[in-house]
Amino acid sequence: MPWEKGFDTETALGDAMRVFWAKGYEATSINDLTKGMKINKGSLYNTFGSKKALFTRALLKYDRENRQNALSQLEAMDDPLESIRVLFEALVAESLADEEKRGCFLVNTALELPHHSDDIAEMVTSALSDFEEFFVRRIKTGQENGSITNALEPGKTAKSLLSQVVGLRVLARGVFNEASLNAIKIQAVASLTASSKAA
């Protein structure tokens, strides 16, 4: 009798994403996954192939639903400076609401790269590069409309903003409180304009 899947693949994948997100790839066992996904080992392997393949799909799902979706909405905003401010405000708010201190699945994976294969490393690198290019485009648009100072070099500034995003995400998992996270946000936005009103 052929094997029949008795669960929703996307729901199970979302459950796996949350397990990997909370524990990381290395610390997550197959038992952790089957418990979190509410399926047995046979169903996991028949549907997803392996722990690594499941992790890859979970990371892609997270990136699509979080980073890509968020940046797409922010880039649609008319005011590029405001879009960057909204991004950092959202990161701070999300970090403060994260009672489990999970941080960002993508950033967490970047910190684990020595334990991952080349294809995972390439996926993370590509996602972070896309994030950096988002900043480059927003900065250039802001310079064109006068909301962001022309004294900045877009590429270097984008790298700095990305490092602040990563730093905020990592520090939020530790002892940084609301005031400290807001300080990162204020500095990031203020660096884009000579006007103190940007803070």
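In this predicted model, a search of the whole structure finds 10 aromatic pairs.

**Exercise 1.** Classify the pair formed by the rings of Phe-20 and Tyr-25.

*Solution.* The ring centres of Phe-20 and Tyr-25 are 6.1 Å apart, and pairing requires centres within 6.5 Å. The planes of the two rings meet at 20 degrees, so the pair is stacked; the cut-off for stacking is under 30 degrees.

**Exercise 2.** Determine whether Phe-20 and Tyr-25 are buried or exposed.

*Solution.* Buried means under 20% relative accessible area. Phe-20 has a relative accessible area of 1% and is therefore buried. Tyr-25, at 14% relative accessibility, is also buried.

**Exercise 3.** Describe the geometry of the aromatic pair Phe-20 and Phe-55, and locate both residues in the chain.

*Solution.* The centres of Phe-20 and Phe-55 lie 4.9 Å apart, with 90 degrees between the planes. An angle over 60 degrees counts as edge-to-face, and this pair is edge-to-face. Phe-20 belongs to helix 1 (residues 9-23) and Phe-55 to helix 4 (residues 51-75). Phe-55 is buried, its relative accessible area being 1%.

**Exercise 4.** Identify the aromatic cluster that contains Phe-20, and state which residues lie over the faces of Tyr-25 and Trp-21.

*Solution.* One aromatic cluster is formed by Phe-20, Trp-21, Tyr-25, Phe-55, Tyr-62 and Phe-105. Over the face of Tyr-25 lies Lys-51, at 4.4 Å from the ring centre. Over the face of Trp-21 lies Arg-102, at 3.8 Å from the ring centre.

Note on methods: Residues are numbered from 1 along each chain as its sequence is written. This is a predicted model: local features need pLDDT of at least 70, side-chain atom pairs count only at pLDDT 80 or more; totals for chains, interfaces and linings use all residues. Side-chain values use heavy atoms; hydrogens and water are left out. Rings of Phe, Tyr and Trp (its six-membered ring) pair if their centres lie within 6.5 Å; planes under 30 degrees apart count as stacked, over 60 as edge-to-face and the rest as tilted. Buried means under 20% relative accessible area, exposed over 50%, partly exposed in between (1.4 Å probe, protein chains only). Helices (H or I, at least four residues) and strands (E, at least two) are DSSP runs, numbered from the N terminus. A charge sits over a ring if NZ of Lys or CZ of Arg is within 6 Å of the ring centre and within 35 degrees of the ring normal.
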